[in-house]
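Take a moment with the fold before reading on. Follow the chain from one end to the other.

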Amino acid sequence: GGMQGGTEMNRITMLPPVEMHVATQEEGLFFGRKGGGSARRIDIRGSGNLILERHPRRNEYYVYSGKGVTITDGEVSVESRELAVTIGRNRIVGLATARGSVIVRQAGEPRLYCDEVRWEEKTGRTVLTGREGVEFVEAGNVLVARTATLLNDRKTLLLEGGIVANLKNTQASRSNERGLNRDWQLRCKTARIDLAGEGGSLRARKAVLTPGTGGRVLVISSDGEYELGGGRVEWDAPAGTLLITD
């Protein structure tokens, strides 16, 4: 839409509509994965101003867009009200943060809802938080937790704190007895979700829900509810089964 420059070009404001392309090789910018030594193209679009600011003392660059931001990395896109990215003197992204009504989509389908998603180059982890929790959606199944962390392997999503899982049309196996297809609700402290594919993919392959230290898994279904103290619940997405072990 236009451009405005500050003193000595240390600050440049790009006016909407904004479209910017960034080439990066590091793992990160939320959910992407390093690809064979060749740079990946990251697309940034915004309906608000995009500010590029240079800090000459630190020789660092700061990129910020005010509102209506979508950042796309392959088939995964992150929509948010605000986006902030810091780039160090080696031109490698050190920190990326998206805030406000964040929706993470894969191939156009919503997978994650939260208030903030943050990626740090030092830890290599993507951390999602939300006032009402972080919601992971896959094929009609929903898991909600206080926080969600994409670990360094870029394949494991760790859910922590007050987890509620609503799993639909699954079969339960407990003490070798098969149940009928029904909806299940499970409550526990921790869950690990194995994500299908090589990074950049948010489709769940398997979710393992555990009580956590001193905790429990509360299982609720149409035939009542019961608790697991030392056991766990394992949901196999491709098979559509729920395995409950004491």
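Predicted model: local features only at pLDDT ≥ 70, side-chain atom pairs only at ≥ 80, totals over all residues.

Residues are numbered from 1 along each chain as its sequence is written, and side-chain values use heavy atoms, with hydrogens and water left out.

Start with the overall make-up. The protein chain has 21 strands and zero helices. Both are DSSP runs numbered from the N terminus: helices are H or I with at least four residues, and strands are E with at least two. Now look at contacts (heavy atoms within 4.5 Å). Among those between residues at least 6 apart in sequence, 46% join residues at least 24 apart.

Next comes the surface. The protein chain has 246 residues, and 43% of them are buried. Buried means under 20% relative accessible area, exposed means over 50%, and partly exposed lies in between (1.4 Å probe, protein chains only). The chain exposes about 12400 Å², with 46% of that supplied by carbon and sulfur atoms. Accessible areas come from the Shrake-Rupley method with a 1.4 Å probe, and for residues only the protein chains shown count as cover.

Now go inside. A nonpolar core is a set of buried Ala, Val, Leu, Ile, Met, Phe, Trp, Tyr and Cys residues joined through side-chain atoms within 4.5 Å. The largest one holds 54 residues, and F30 and F31 touch the most other members. Strand β16 gives the most to this core, with six residues.

Stay with β16, which spans residues 182–195. D183 sits in this strand. Is D183 buried or partly exposed? D183 counts as partly exposed because its relative accessibility is 43%. The C-alpha atom of D183 is 4.4 Å from that of K168, although the two are 15 residues apart along the chain.

What does β16 pair with? Strands pair if DSSP finds at least two bridges between them. β16 and β17 (residues 204–210) run antiparallel and are joined by six bridges. Here R192 stands opposite V208 in β17. β17 also runs antiparallel to β20 (residues 232–236), with four bridges between them. A207 has W235 in β20 as its bridge partner. In a regular strand, side chains alternate between the two faces of the sheet.

Finally, check the cysteines. C114 is buried, at 6% relative accessible area. C188 is buried too, also at 6%. The structure holds zero disulfides (pairs of cysteine sulfur atoms within 2.5 Å).
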